[in-house]
Amino acid sequence: MTSAPEAPGTGLLAPGWAGSPAADATDDRAWLRALLDAESALTRAQAGLGLAPAEAASAVTEAADPARFDVRSLAERARDGGNPVIPLVADLTKAVGEEYGPYVHRGATSQDVLDTATMLVAARTLDLLLPELGRTERALAALAAGHRDTAMPGRTLTQHAVPTTFGLKAAGWRTLVLDARDRITAVRDALPAQLGGAAGTLAAFGAYGAADPTVLPAAYARELGLRAPELPWHTLRTPVADLAGCLAFAAGALGKIAADVLTLSCTEIGEVAEGSGGGSSAMPHKANPVRSTLIAAAARRAPQLAATLYGSLAAGDERPAGAWHAEWEPLRDLLRLTGGAARDAAELTEGLRVRPDAMRAHLGLTHGLIVSERLSAELAPVLGRARARALLAELAERTFAEDRTLGELLADVPELSGLDLDALTDPARYTGSAGALTDRALERR
């Protein structure tokens, strides 16, 4: 049996990004489009400065149609020169024709075009990712406001600590999402075009007649909607490192949400649940927290991908051997993973089911010991600090041994008869400034 040809970017083993907007924005066809956009923009920029005929710009732009090029052939022929720009330039020159073909790629080097295309792919992907973060932020804002005073156990080192509120937890998640949004927006707005020629000196453009080659990178960037570079950055990889940082941060920020949902949706806890859990191939009763699981997987992979990109900062000479080439796949994977995680986070938070009754019930699992911090402070003026501490330590052991609540045991202490023990031992009345902190967090836009 003959197998069908592999479809580009299908993501059979990558359910975290398969079918996401980021998947289409980063597949081979998207990269081919960006390469062709970079090539045609270069000719238009030169035509705009009088360095090429207007007819050449029109001819190159018309010929730079991705449907006219064979991605698989380009990939296979890229082995000869180590990058896909070399065979692409040959094919594009042929498509343009003899008269204007010499204006294709004139004065540029392969890295100029591939770096610029990378920035275009990144910009287009981030433009799709940011609205997904916006959906998540809005869903979390609604959860935070709606559950401002919904008390639940705060957990530290996996154990019940003191009460908190689900509103404050959701507000914290939202803050991380906004932090990710701000970082991605700043990086997106700063993505630069790349143009330097063979070794970053723009020498070839002068040889082709430019009186001041330094104006060409800005004209090129305007054609593409990218920022004008201060210098050719062939071995000054700040743009790629910044992408690595903001994407890894975003994946980790969303991973925090996923980690909490995975804990809170455990069968034994059940304080939240995904709106539509995934099924099991073996156990019909299961509704797995699939969205959270996929986000958590992305958060675990992202730092290692970013590490490769940071490692490529040590790029030697004026054009690197290996450091540049090592960037391509990890950056695409990072764009895909974070884009998929953003898609899944929007779906997760918009459909998240919160169970206040379970939260309230769990506040009583420690028989009232969850408010021992408060009681230490309240009882010290009445009993003295040492006596209060000793009493609470004794009663903490007795609560479980006698299966009684801390409030019941405190009621047996004569010196405390004048205190409102019901109020002092109610976990819902010891959430500190959670409500005010939630309100403050929601003021951020």
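This is a predicted model: local features need pLDDT of at least 70, side-chain atom pairs count only at pLDDT 80 or more; totals for chains, interfaces and linings use all residues.
**Nonpolar cores**

The largest nonpolar core has 103 residues. The members that touch the most others are Leu-92, Leu-133, Phe-166, Leu-191, Tyr-220 and Leu-254. Helix 6 supplies the largest share of this core, with 16 residues. Leu-254 shows how such a residue is surrounded: leaving aside neighbours within four places in sequence, Leu-254 is in contact with Leu-133, Val-177, Ile-295, Ala-341, Ala-342 and Ala-345. Another core lies apart from the largest one and has 18 residues, among them Ala-151, Leu-383, Ala-388 and Leu-424.

**Salt bridges**

Side chains of opposite charge can pair when their charged atoms come close. In this model the count comes to 30 salt bridges.

| Pair | N to O distance | Separation in sequence |
|---|---|---|
| Arg-291 and Glu-347 | 3.7 Å | 56 residues |

Asp-182 is partly exposed at 34% relative accessibility, and Arg-444 is partly exposed at 26%.

Which helices do Arg-291 and Glu-347 tie together? Arg-291 lies in helix 11 and Glu-347 in helix 12, so their bridge ties together parts of the chain that are 56 residues apart.

Asp-344 has a value of 1% and is buried, because buried means under 20%. Arg-291, at 21%, counts as partly exposed, and Glu-347 is partly exposed at 39%.

Glu-394, Arg-398, Glu-402, Arg-404 and Asp-412 are linked in a network of salt bridges.

**The cavity**

The structure holds one cavity of 30 Å³ or more. The volume of the largest cavity is about 50 Å³. Its lining is made up of Trp-31, Asp-115, Thr-118, Arg-237, Val-240, Trp-324, Glu-327, Trp-328 and Leu-331. Helix 6 (110-146) and helix 12 (328-351) are the elements that each give two or more residues to this lining. By class, the lining has five nonpolar, one polar and three charged residues.

**Positive phi angles**

Most residues other than glycine have a negative phi, and most peptide bonds are trans. Where in the model does His-105, with its positive phi, lie? His-105 has a phi of about 65° although it is not a glycine, and this residue lies in the loop between helix 5 (85-96) and helix 6. His-105 is buried, with a relative accessible area of 13%.

Asp-317 is not a glycine either and has a positive phi of about 60°. Asp-317 is found in the loop between helix 11 (290-311) and helix 12. Is Asp-317 buried or exposed? Asp-317 is exposed, with a relative accessible area of 65%.

Definitions and conventions:
Residues are numbered from 1 along each chain as its sequence is written. Side-chain values use heavy atoms; hydrogens and water are left out. On a 1 Å grid over the protein atoms alone, a cavity is a set of points where a 1.4 Å probe fits but cannot get out, and a pocket is an open set with protein on both sides within 12 Å along at least five of seven lines; lining residues have an atom within 4 Å of a point. Grid points are joined across faces, edges and corners, and a volume is the space filled by probe spheres set on the points. Helices (H or I, at least four residues) and strands (E, at least two) are DSSP runs, numbered from the N terminus. Ala, Val, Leu, Ile, Met, Phe, Trp, Tyr, Cys and Pro count as nonpolar, Asp, Glu, Lys and Arg as charged, and the others, Gly among them, as polar. Buried means under 20% relative accessible area, exposed over 50%, partly exposed in between (1.4 Å probe, protein chains only). A nonpolar core is a set of buried Ala, Val, Leu, Ile, Met, Phe, Trp, Tyr and Cys residues joined through side-chain atoms within 4.5 Å. Contact means heavy atoms within 4.5 Å. A salt bridge is a side-chain nitrogen of Lys or Arg within 4 Å of a carboxyl oxygen of Asp or Glu.
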